[in-house]
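Dear colleague,

Please keep it open beside you while you read.

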Amino acid sequence: MNTVSLSGVNGELSAVQIDSLTVKNSVNKAYRGATVPYVSYEAEDMKTNGVLLGASRKYRNLASEASGRQAVQLKQTGDYVEFALAEAANSLVVRYSIPDSTDGAGDEQTLSLYVNGQFKQSLKLTSKYAWEYGSYPWSNDPRQGSGHRFFDEIHALIGDMPQGAVIRLQKDAGDQADFYAIDLVDMEQVAPAYEMPEGFVSVIDFGAVPNDGQDDTMALRDALSVARDRGTGVWFPAGSFDFGDQLLDLDSAVIRGAGMWYTTLNGAKFYGHGGTVEVYDLLIDGGINERDDEAFTNAFHGAFGPGSIIQQVWIEHTKAGLWLTQPIGEKARTNELYMMGLRIRNLMADGINFAVGTTNSMMEQSDIRYPGDDGIAMWSFTDSKLVDMNGSERTPSVNNTARFNTVTLPWLADNIVVFGGKDNKIQDNIVKDTVANGAGIAVSTRFNAEPFAGTTVVERNTLVRTGSYDTGYGVSLGALWLFAGESDMKGKIVVQDNVVKDSTYAGLIAHGDFTVEDVLLRNIVIDGTGTNGVDVTSGLKGSATVDNVIIRGDRMKMVSNPSAAFSFKEINEGFASGKKPPVNPGEPGNPGSGGVENPGTSSSGGTGGSSGGAGTGQSAGSLSDSVLQEALRQGKTTIELKTDSEGRVNLTAAVLAAAAAEHPEAVIEVTGAGGSVYRFPLSLTDQVIVQAGVVDQKQAVVSIQISPQEQAGFKDKAKQQGMELMGNAMKFMVQVSEGGKTVQVDRYEGAIYVLRQWTVDSKLDPSTTVVLLYDPATGKLSYVPAWLENNADGTTTVIVKSAANGIFVAAHHPVTFADIEGHWAQAVIEKLAARQILNGVGGDLFAPGQPVSRAEFAVMLVRALDLQRGTSSSGGALYNDVKSDAWYGDAVATAIHYGLVQGYADHSFRPNAQITREEMSVMGARALRLLQNGVKQGTGTEVILIAGESKDLVSGYADRSQLHSWSQEEVELMLQAGIMQGQSKDKFAPASRTTRAEAAAILSRLLAAVKLLNP
């Protein structure tokens, strides 16, 4: 890329108008991102006999810092990568990693280059500018551990090679590094070196000698002085020139080199003081491998005045590439600086920062790779060190533009970020592969940023594999990040026409504890996310307007918004992926009205979907043992795994058993097609192994399966029972394979509520919907506890908590009774009847006022809690008045097994005796504790039964003395949990009989308390 400029004094320029400009034989620029003169070849796409690394986004994993999150490792002599040239080239850049030296000073190694099978040369590699250790701001001491920032680059002119030539990088016998990780190779046809422009003065004439290793600072200063007097510029010919620790002050100056491949300035640190500065066609290598935030070790620092240009400059191994700010003790600020065609690589801090009053400046067509902080930052802040110059004046950055740039692999922060300011623009960029503590593109109030004003625009950008985990905030950052974290986000912010692909976590996150105002999200495509499509954190306030935001491939919810104080205002298409209400076609005679004349807006607190996690994928039949072990080693209690192409996650029984023994509290969260989820508690591992009859745990494989199922096999069965199936059925299964035997684990023993969830593509009514378990052997459809979440996009998230495995399906099953019309408990009775928990008494009647027997309530309770005794429980005699073949016999035995009920001292149960409110309180309290423990064990989440400070509610009733000692604690629990109430304000009435309607209400509250039933 190049630029065309028109220059002259103001009077001359005012008389000139440009109608058009034609550049012959030009090449059109890229649609988005920087147009670069080289072709990049990714190692993972090359022919190789080495080891493929990745794909991984795990911090401090080598592949996670590679382009595309994959690389190839060469370890053995003869290992290679090779590729054929798509275009002719005479130079290469190799992005690589080799092990560091034991002292951290850097190791020097070689790697062999072959062209068309013939040895070409040895490439000299070093680890000196890679490998950082410890915590921020990092060190070069390997003893501090936590190694990261693994990669560096080598560039070399290697002679002309035609299109189709085969390039090979090979570890030969003389290449002694333990390994060579190859990320990519850039191949470029470099033009010949430039000649010195007419009238320029050369640093050679002032004592500089290329390639001699001596300090050329004085030669440059003298050349600049003479050039200023003559009104011309300074020339650096081909070669390397060296500069010491001193800053290279520039007021008004023009500096040109022979080309970024030919002229290198080692250690150059240009410091602008507000004049017109132009720098072209050279490379600056700072030689920096440590971060000192107080040092001026940037390639360009300070203020650059109107007409300043920095073009075709390559920057490597500096702290920041360009830090535009007001110099201490001066009034000058950057204004109208133009930057184009920059290559900024392998830094310790920002690629560029438009800071402290920078205005009207632009960076475009530049490639930034591996910055050690934000790739491109526009940081509006008022520096307290400048108060003597600025007084109370604020110094926002205003009207700056970053467009048509490519920013990849920031290893600390955001690819691009705007911190406050006015009328700044981020346009037409490509950002990829955020490593840690940053988003792809952020709009933020962080770091004492000046308030947003005017209109901030983020538009027409493409974000690929961006977003990361922020260790400071403990938040998984989305590809796009709106952060009102230190102040309210005011001023108009427009985020539009962006494409977000394969985000590590959410596609967009709105985050912070302050208020967001006047944000427009328009024409955004979010395609593939590790978690939710859009995330909102719970403390955020305000709103954002949404118009045509398309979300595809989210693994959890389309939109997750737990904040009661923040909403999305949908206009026009709103969240376009969600289902919309039908359009009114208009009355006859008014065709095509399209519905209401003024569509208005709607507010959405969040769009649902199924819950899951980012996880790590696997190929069919592969094992996830190492992923599980590594996650536990990191201290994770929820381990996210994705199913393979067959809908399975496979784990060796021995590995699973060892993990369960050491981490019984941990849960494996398996995510399948459409964001379906199965949370498998490691505490169930022993059960699985025992049920499967495993002989050798090392040879047995436990498979957790999630797969959609067709309804054809049981649709008619449901219809016969008055049910209409809703959406696809889902199979959630655990099976164990050992040798030639495969055993399915159909049900876990005990009162345990294991979570499974999926999304149904319609809105289900919780009051008339039942979730069923289908038994293919018997054709039976039976109730399982479930919670339904209706989502803003018209879908429903079905959350089953059950000990059973198998095929689950939701069904529409409205039930009513003739004698409950208008009854206070009508809705509760109908809801429980729809779920097959309650039945009528015959003849279309429920008999809501009829007393409940002890046997009846035991049956209701066992059915509601979905309890079975299991194979290990005793089948012996229970009580002398409970026969095993009685209609209630199995339920009473099950209730006794789980400690829900007890008999009397004479060994009777008295099944037909009417149950008192006191007895029901005791049974209910025991059930509540059983549910609490079962949900906690089955889902890994704590259930809080009683919020706030405990109170003595029993003492408020005048008849409290009528309570037996064995019931007082249980009655108190039921009162505090809101499940039981007094019959009147001052009477609990412990001896009163309980009606069927009261029993229904208590069962409903019990299940709702632990989210096994919608309230």
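**Backbone and side chains**

Pro 137 is found in the loop between strand S8 (118-126) and strand S9 (152-161), where strands (E, at least two residues) and helices (H or I, at least four) are DSSP runs numbered from the N terminus. A cis peptide bond with omega of about 5° joins Tyr 136 to this Pro 137. Please bear in mind that this is a predicted model, in which local features need pLDDT of at least 70 and side-chain atom pairs count only at pLDDT 80 or more, while totals for chains, interfaces and linings use all residues. Residues are numbered from 1 along each chain as its sequence is written, and side-chain values use heavy atoms, with hydrogens and water left out.

The peptide bond from Gly 54 to Ala 55 is also cis, with omega near 0°, and Ala 55 belongs to the loop between strand S3 (51-54) and strand S4 (70-74). Most peptide bonds are trans, and most residues other than glycine have a negative phi. Asp 281, in strand S19, has a positive phi near 60°, and this residue is buried, with a relative accessible area of 11%. Lys 1011, in the segment after helix H13 (996-1009), likewise has a positive phi near 60°, but is partly exposed at 42%. Here buried means under 20% relative accessible area, exposed over 50%, and partly exposed in between, with a 1.4 Å probe and protein chains only.

Turning to the aromatic rings, the count comes to 28 aromatic pairs; rings of Phe, Tyr and Trp (its six-membered ring) pair if their centres lie within 6.5 Å, and planes under 30 degrees apart count as stacked, over 60 as edge-to-face and the rest as tilted. One of these pairs is Phe 568 with Phe 575, edge-to-face at 5.3 Å centre to centre and 85° between the planes, and both of these residues are buried. Phe 732 and Phe 808 form another edge-to-face pair, with 6.0 Å between centres and 65° between planes. Because Phe 732 lies in strand S57 (residues 724-738) and Phe 808 in strand S64 (residues 806-812), this pair ties together parts that are 76 residues apart in sequence.

Finally, the charged end of Lys 29 sits over the ring of Phe 404, 4.1 Å from its centre, which is to say that NZ of Lys or CZ of Arg is within 6 Å of the ring centre and within 35 degrees of the ring normal.
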